[in-house]
Amino acid sequence: MSAHVHPCAGLLAAGARWLAGTRVRWVEAPSGDQPRVYFANHSSHLDFVVLWAALPPAIRQRTSPVACQEYWKSSALRRYVSTRVFRSVLIPRSHEATLGGRGALTPLLAELDRGRSLVLFPEGTRGTGLDIGPFKAGLYQICRQRPRTEAVPVYLDNLHRVLPKGEFIPVPLVSTVTFGKPLQIEPDEDHRHFLDRARRALRDLKRR
């Protein structure tokens, strides 16, 4: 498995973290080098870059975002940044919410099987930053297919103010990235219970 990181990725991540005044907190530090799914609330275009920059370097170079194919392939620049700089796993919008079907899951499971971690936003769309919306089924589908995979909740605080929806110029403010305790799917756990448990874990980080 290649751990090559595009030089622009580090520059973009450092710039985003500086603009967002990012502070990083770990409820439980990661152990081992197994692939994980980092799932977070979503309220800004800065979310993935700031989360990725907050990871330890050894983990960062093995981590890719899951992103909407239609958006990130809509221009040559977006396509280059997503596929070449950050090695995103792009999926069609029709599959983005549920990751239903083998065709949607296959590239994500292949990345995990290659030892790479994923960043997923299970709300399926950007929210207001004031609350965490209901989770779509994708996180459950991945963990059901790979039950030994750890799902790590990550709460991103204040990024909706640093780069509000519809704006293009960031406002330099302080933000926080809080990594929580990893979860694993339980035997015979259904999707509703697992997704409620994962959402509660993210909400608990918001209250810390």
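Author: Let us begin with strands: two of them pair if DSSP finds at least two bridges between them. The strands themselves (E, at least two residues) and the helices (H or I, at least four) are DSSP runs, numbered from the N terminus. Please note that this is a predicted model, in which local features need pLDDT of at least 70 and side-chain atom pairs count only at pLDDT 80 or more, while totals for chains, interfaces and linings use all residues. Residues are numbered from 1 along each chain as its sequence is written, and side-chain values use heavy atoms, with hydrogens and water left out.

Reader: In which sense does strand β1 pair with β7, and which residue is the bridge partner of T22?

Author: Strand β1 (residues 22-26) pairs with β7 in the parallel sense, over five bridges. The bridge partner of T22 in β7 is S175. Strand β6 (residues 150-157) also pairs with β7, in the antiparallel sense and over four bridges. There V154 stands opposite F179 of β7.

Reader: Is strand β7 buried or exposed?

Author: A residue is buried under 20% relative accessible area, exposed over 50% and partly exposed in between (1.4 Å probe, protein chains only). In strand β7 (residues 175-179), five of the five residues are buried, so the strand is largely enclosed by the rest of the structure. In a regular strand the side chains alternate between the two faces of the sheet. Here S175, V177 and F179 point one way from β7, and T176 and T178 point the other way; all are buried.

Reader: How is a helix such as α1 read, and which of its residues are buried?

Author: One may compare its span with the expected one, 1.5 Å times one less than the number of residues. Helix α1 (residues 7-19) has 13 residues and reaches 19 Å from its first C-alpha to its last, close to the 18 Å expected. Among its residues, A9, A13 and A16 are buried. These three cover an arc of only 65 degrees around the axis, which puts them on the same side of α1; the arc is that of the directions from the helix axis to the C-beta atoms. The buried residues of α1 pack against α2 and α5, whereas the face turned away from the buried side carries the exposed residues P7, L11 and W18. After α1 comes G21, whose phi is positive, near 50 degrees.

Reader: How many aromatic pairs are there, and what counts as one?

Author: Rings of Phe, Tyr and Trp (its six-membered ring) pair if their centres lie within 6.5 Å; planes under 30 degrees apart count as stacked, over 60 as edge-to-face and the rest as tilted. By this rule the count comes to seven aromatic pairs. In one of them, the ring centres of F39 and F135 are 6.1 Å apart and the planes stand at 80 degrees, so the pair is edge-to-face. F39 lies in strand β2 (residues 36-40) and F135 in the loop between β5 (117-120) and α8 (138-145), so the pair ties together parts that are 96 residues apart in sequence. Both F39 and F135 are buried. F48 and F86 also form an edge-to-face pair, 5.2 Å centre to centre with 90 degrees between the planes.

Key: Contact = heavy atoms within 4.5 Å.
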